Amino acid sequence: MADAPRGRALGGLRPSGALLGVVPFFAYTTVFLLIPTLVVVIGAFVGTGGFTLDNVTGLFSAGSAYVTALEQSIVLSAVTALIGALVGAVLAYAVSTAKPGGVVKRFVTSLSGVLAQFGGVALAFAFLATFGGVGYMTKVLNDLGVSTGSGLWIYEWNKGLMLVYLYFQIPLMLIVFLPAVEGLRPQWREATETLGGTTWTYWRRVAGPILFPPFVGATLLLFTNAFSAYATAKAIVTQGAPLVPLQIDGALTSEVLLGQANVGRAMAMTMVVVVAVVMVIYAWVDRRASRWLAR
Amino acid sequence: MNRSLTRRLTGVAVIGLAAATFAACSAPSSSSGSSTSGSVNAASAKSAADFGGMDALVAAAKKEGKLNVIALPPNWANYGEIISGFESKYGIKITSDQPDGSSADEISTAQRLKGQSTAPDVFDLGTAVAMANTSMFAPYEVSTWSDIPAERKDANGVWVNDYAGYMSVGYDSSKVPAPTSMADLLKPAFKGKVALNGDPTQAGAAFAGVQMVSLAEGGTAGDIAKGVDFFKQLKAAGNFLPVDPTEATITSGQTPVVFDWAYNNAPISKQLTSWKVWIPDNAVLASYYIQAINKDAPHPAAARLWEEYLYSTEGQNLFLKGAAFPVEYDAMKSAGTLDATAAAALPAVTGTPVVPSQSDNDQATAYLKANWAKAIG
């Protein structure tokens, strides 16, 4: 506080060690965020004859496979984010009640740390080896007389892929939500009970409002995590490119449909738009929640 | 009895393909570039003569010592054996990058690594990708240039076909009954068992697979609605397996029926003796791949020597051994240099082979783009 007037007196443009300190940060974000975003956004509007809207309008033409893929990507991300958030939050609460530093807690948190990063080809292989057409569980179930419909469900985006995504969504939720749950003080519960509140009152009036913003934040993180996941889906789904990242992959690497690179950039731009919408919702929820909490 | 019939049919089909190949064949134009005097610029050499003969080319390539190839799976058209054959013959080390990459990956990698020592020296491309990128190729005519039919090469040596394949259905006879028509594949015995090598809107082999089914179902290579419709029925029957088949998925039994080039399907029989290759009657689809030299090749002499090796009797017979149909087949047959055992082992076909034209492919591509995802979604 005392420094503020002095800073003003010296002017805003003085050479500062503090400014030098953030150079690596800005250099990093320029190279890995700003430039790629510009490449995507500019490329999305470039055609063979210069500026064009065709790349973008082509995506949303009637009966376009891309619109279906976008819808499916959003549904897949939303469903796995919601289920992952609910299950992960309950697990996080259960873990938070375990003895601090105890074996259960350390085991579950480190396991989740590993599983949350377990994705891509390795995860896909694990599921195919277990539930695929010649997978171990498929064989065991068939031997027991339980038909799993030739194991094709594992390749469907709305069945197998959802299950596979949940496999990393739930542990991720546990990790990001655990600090919030651990922030709940036992004294708050005691205070509620002293004042005559029930367990329901405690969750409804005390813990719920405190946990709501981090819960929404974590859910939106899970949404974007699933929305941008590529390698896992690529390793499982070969046909029809049902999701946006797979559509982009097709646009960039197809040896049948050529010259689609800028259409791929237009697709990537729509992903940026979806994520931007998610960020705005988060900011809005966060502001409402914090205003309410401040009262 | 049965076997000799099969052999004879093979012979008929091969002659059929040869006839198609020679149709509209004029005298091969062999306009090799002017030979340079004095120092040799390997990057602009248009034939071995520009180096001062084969020996000088070999010496220049050995001096470079390295060659970068890209998107050549070892089990694709016998490329594994071709690569090791070249390495042991000339003592030049080959770096094989992204063996499972697509034709489009080859071009984008060459653009990305332009000017670097790791850039690909040579390409093996599908027709569509090759024709869209001819400005990236360096013209070169191999010493056997006149053995290559005129319509299988560019008049200026910018590109040249190397081998062709028939589209085929490979199946594991220990898991499924032998199919004799496309309708058989819709039966319950094939539930969850029929796979296509890739997404036809992305992979050339899968694209040709849909074209072949179209021919079998009474469509054409250009009007592929019947082919797409067949896969729609296959999906509805629960028989379509959306797995990208590889040697590993086939030998492990994950993909018991696979639509792929015969030169990919046939060699698998060596590891899985129950693996059979079937080419449906009157649905013989043949397609050539294209060979070209990167004009920014980091090892220009080695790249040219690689081409000489591929089009030598040795290289062409190695393609044939991998069940691919080498472009110099007819010339080698009349010269008596063809590997007769390998030629006899080519899969049996009945009917005239169809080589899709560019306009066929354009028409089929447009239809697939609009309808494939819906058909199997």
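Residues are numbered from 1 along each chain as its sequence is written, chains are lettered from A and ligands numbered from 1 in the order in which they are written, and side-chain values use heavy atoms, with hydrogens and water left out. Because the model is predicted, local features need pLDDT of at least 70 and side-chain atom pairs count only at pLDDT 80 or more, whereas totals for chains, interfaces and linings use all residues.

**The interface of chains A and B**

Select both chains and display the residues in contact, meaning those with heavy atoms within 4.5 Å: 36 residues of chain B meet 24 residues of chain A. The buried area, which is the accessible area (1.4 Å probe) that two parts lose on being put together, summed over both, is about 2,300 Å² here, with carbon and sulfur atoms giving 60% of it. On the chain B side, pick out B:Gln202, B:Pro242 and B:Lys369, which supply 25% of the area that chain B buries against chain A, more than any other three residues.

**The two domains of chain B**

Next colour chain B by domain, with bounds that come from an automatic or database domain assignment: domain 1 covers 19-164 + 288-344 and domain 2 covers 166-286. Their centres, taken over C-alpha atoms, are separated by 30 Å, and the contact takes 10 residues from domain 1 and 8 residues from domain 2. Between them the domains bury about 800 Å², 56% of it on carbon and sulfur atoms. In domain 1, B:Asn75, B:Trp76 and B:Ala323 lose the most area to domain 2, together 49% of what that side buries.

Stay in the loop between strand E1 (66-70) and helix H4 (79-90) of chain B, where B:Ala77 is found; helices (H or I, at least four residues) and strands (E, at least two) are DSSP runs, numbered from the N terminus. B:Ala77 has a positive phi of about 50 degrees although it is not a glycine, and it is buried, with a relative accessible area of 0%. Buried means under 20% relative accessible area, exposed over 50%, and partly exposed in between (1.4 Å probe, protein chains only). B:Asn78 lies in that loop between E1 and H4, has a positive phi near 70 degrees, and counts as buried at 11% relative accessibility.

**The largest nonpolar core**

A nonpolar core is a set of buried Ala, Val, Leu, Ile, Met, Phe, Trp, Tyr and Cys residues joined through side-chain atoms within 4.5 Å. The largest has 91 residues, and those with the most contacts inside it are B:Phe231, B:Phe259 and B:Trp306. Helix H7 (residues 204-216) of chain B gives the largest share, 8 residues, and both domains of chain B contribute, so the core lies between them. Centre the view on B:Phe231, whose contacts beyond four places in sequence include B:Leu196, B:Val210 and B:Trp372.

**Helix H13 of chain A**

Finally, show helix H5 (residues 65-96) and helix H13 (residues 244-253) of chain A, whose axes come within 8 Å and cross at roughly 145 degrees. Axes are lines fitted to C-alpha atoms, for helices over the stretch in contact, and angles run from 0 to 180 degrees between N-to-C directions. The contact is made by A:Ala65, A:Tyr66, A:Ala69, A:Leu70 and A:Ser73 of H5 and by A:Val244, A:Pro245 and A:Gln247 of H13. Since 8 of the 10 residues of H13 are buried, this helix is largely enclosed by the rest of the structure.
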